[in-house]
Amino acid sequence: MIKQKKVPMRQCVGCREMKAKAELVRVVKPKEGEVSLDFAGKLPGRGAYVCKSAACIEKARKAKALERAFSCPVSAEVYDGLAKKLAEENDGK
């Protein structure tokens, strides 16, 4: 019998759906520091996840989902960075 690996699941802060961790982008807030994007998923700190879709990023921005997840203000640059990364990935396909 072949044992299958468990796929880690995370919830998107935009659409609130559970998805595989690999399908999402991690946003991280270290103990001391600014909120930033973590495309490798390895940085230390509190993490929140967003789908790689413009609709989810916009929902998260409007609902201030990242601000609630981290209990601190999140700059527009973080949301803009997410949108830019999404555009780059879509251009590459």
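## Burial and the model

A residue is called buried when its relative accessible area is under 20%, and exposed when that area is over 50%. Arg26 has a relative accessible area of 10% and therefore counts as buried. The structure described here is a predicted model.

## The chain as a whole

The chain contains 3 helices and 5 strands. Read from the N terminus, its elements follow the order β-β-β-β-β-α-α-α.

The C-alpha trace spans about 50 × 35 × 20 Å along its principal axes. The radius of gyration of the chain is 14 Å, which agrees with the value near 12 Å that a compact globule of 93 residues would have. Of the 93 residues in the chain, 32% are buried. The chain exposes about 6600 Å², and carbon and sulfur atoms supply 53% of this area. Among contacts between residues at least 6 apart in sequence, 43% join residues at least 24 apart.

Strands of a sheet pair through backbone hydrogen bonds, in either a parallel or an antiparallel arrangement. In this chain, an open sheet of 3 strands has the order β4-β3-β5, and its pairing is antiparallel. Strands β4 (36-38) and β5 (46-51) form the edges, each pairing on one side only. On average, neighbouring strands of this sheet are turned by 35° against each other, direction ignored.

Strand β3 comprises residues 24-29 and pairs with β5 in the antiparallel sense over 6 bridges. One of the residue pairs concerned is Val25, whose bridge partner in β5 is Val50. The antiparallel pairing of β3 with β4 extends over 3 bridges, and here Val27 stands opposite Leu37 of β4. Strands β3 and β4 form a hairpin with 6 residues between them, and Gly33 in the turn has a positive phi of about 150°. Strand β3 is mostly covered, as 5 of its 6 residues are buried.

## Arg26 in strand β3

Arg26 is located in strand β3. Its side chain makes a polar contact with the side chain of Asp38 at 2.7 Å. The side chain of Arg26 also reaches the backbone oxygen of Leu43, at 2.8 Å.

When neighbours within four places in sequence are left aside, the contacts of Arg26 include Ser36, Leu37 and Asp38. Further along the chain, Arg26 is in contact with Gly41, Lys42, Leu43 and Gly45, and also with Arg46, Gly47, Ala48 and Tyr49.

## Asp38 in strand β4

Asp38 lies in strand β4. With a relative accessibility of 4%, Asp38 is counted as buried, because the limit for that class is under 20%. Its side chain takes part in the polar contact with the side chain of Arg26 (2.7 Å).

Leaving aside neighbours within four places in sequence, Asp38 is in contact with Arg26, Val28 and Leu43. Asp38 and Ala48 are 10 residues apart along the chain, and their C-alpha atoms are separated by 9.9 Å.

## Arg26 and Asp38 together

The two residues link the descriptions given above. Arg26 belongs to β3 and Asp38 to β4, and these strands pair in the antiparallel sense. Arg26 is buried at 10% relative accessible area, and Asp38 is buried at 4%. Their side chains make a polar contact with each other.

Note on methods: Residues are numbered from 1 along each chain as its sequence is written. This is a predicted model: local features need pLDDT of at least 70, side-chain atom pairs count only at pLDDT 80 or more; totals for chains, interfaces and linings use all residues. Side-chain values use heavy atoms; hydrogens and water are left out. Two strands pair if DSSP finds at least two bridges between them. Helices (H or I, at least four residues) and strands (E, at least two) are DSSP runs, numbered from the N terminus. Axes are lines fitted to C-alpha atoms, for helices over the stretch in contact, and angles run from 0 to 180 degrees between N-to-C directions. The radius of gyration is taken over C-alpha atoms; the globule rule is 2.2 Å times the number of residues to the power 0.38. Buried means under 20% relative accessible area, exposed over 50%, partly exposed in between (1.4 Å probe, protein chains only). Contact means heavy atoms within 4.5 Å. Accessible areas come from the Shrake-Rupley method with a 1.4 Å probe; for residues, only the protein chains shown count as cover. A polar contact is a pair of N or O atoms within 3.5 Å; within protein, one must be able to donate a hydrogen and the other to accept it, and residues adjacent in sequence count only if both atoms are side-chain atoms.
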